[in-house]
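Dear colleague,

Please find below the sequence and structure that I am handing over to you. A short account of what was found follows directly after them.

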Amino acid sequence: MNQLMTYEEFQNRVGSVILTESGNCPVTPVVQMLQGKWKLQIIYELCIQSPMRFGELKKMLKPITNTMLTNALKELEADGLVHREQYNEIPPRVEYSLTEKGRDLLPIFYAISQWGMKYIP
């Protein structure tokens, strides 16, 4: 199932078990890709301001450690959600931004924010 569905089609088919070509639920890999304490917050910050340098992200995500931020950014980059641009300068400069794949998550985040405003005071 590599085709896109409308929301109405999804609602109609969700009860009859929607599976990918490999036999899995299509939501599970997305949830696994985004799980972790900091990944959604990193994506949120890159939605607001992009590109951002490592230090700028670290300031916005207090109390994240360098190791946690580095690991989360590497995983997001490996999943194709974040682009890392390294400039050959002294001192070294690295900037992070969302890829097209990362930006494609914005409507999902919008829907989640609408749900949160409705149900979480």
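Strands β2 and β3 (residues 93-98) run antiparallel and are joined by 6 bridges. Within this pairing, valine 82 has leucine 98 of β3 as its bridge partner. Please note that the model is a predicted one.

The two strands belong to an open sheet of 3 strands, whose order is β1-β3-β2 and whose pairing is antiparallel. The edge positions are taken by β1 (52-53) and β2 (82-87); each has a single partner strand, so one side of each is left without a neighbour in the sheet. Helix α3 (residues 39-48) lies across β1, β2 and β3, and runs at about 95° to β3.

A contact between a charge and a ring was also found. The charged end of arginine 93 sits over the ring of tyrosine 87, at 3.8 Å from the centre of that ring.

As regards aromatic pairs, a search of the whole structure finds 1. This pair consists of tryptophan 115 and tyrosine 119; it is tilted, with 5.2 Å centre to centre and 45° between the planes. The angle counts as tilted because stacked planes are under 30 degrees apart and edge-to-face planes over 60. Both residues lie in helix α7 (residues 106-119), and because they are 4 residues apart there, about one helical turn separates them. Tryptophan 115 is partly exposed, its relative accessible area being 49%. Tyrosine 119 likewise counts as partly exposed, at 49% relative accessibility.

With kind regards

Note on methods
Residues are numbered from 1 along each chain as its sequence is written. This is a predicted model: local features need pLDDT of at least 70, side-chain atom pairs count only at pLDDT 80 or more; totals for chains, interfaces and linings use all residues. Side-chain values use heavy atoms; hydrogens and water are left out. Rings of Phe, Tyr and Trp (its six-membered ring) pair if their centres lie within 6.5 Å; planes under 30 degrees apart count as stacked, over 60 as edge-to-face and the rest as tilted. Buried means under 20% relative accessible area, exposed over 50%, partly exposed in between (1.4 Å probe, protein chains only). A charge sits over a ring if NZ of Lys or CZ of Arg is within 6 Å of the ring centre and within 35 degrees of the ring normal. Two strands pair if DSSP finds at least two bridges between them. Contact means heavy atoms within 4.5 Å. Axes are lines fitted to C-alpha atoms, for helices over the stretch in contact, and angles run from 0 to 180 degrees between N-to-C directions.
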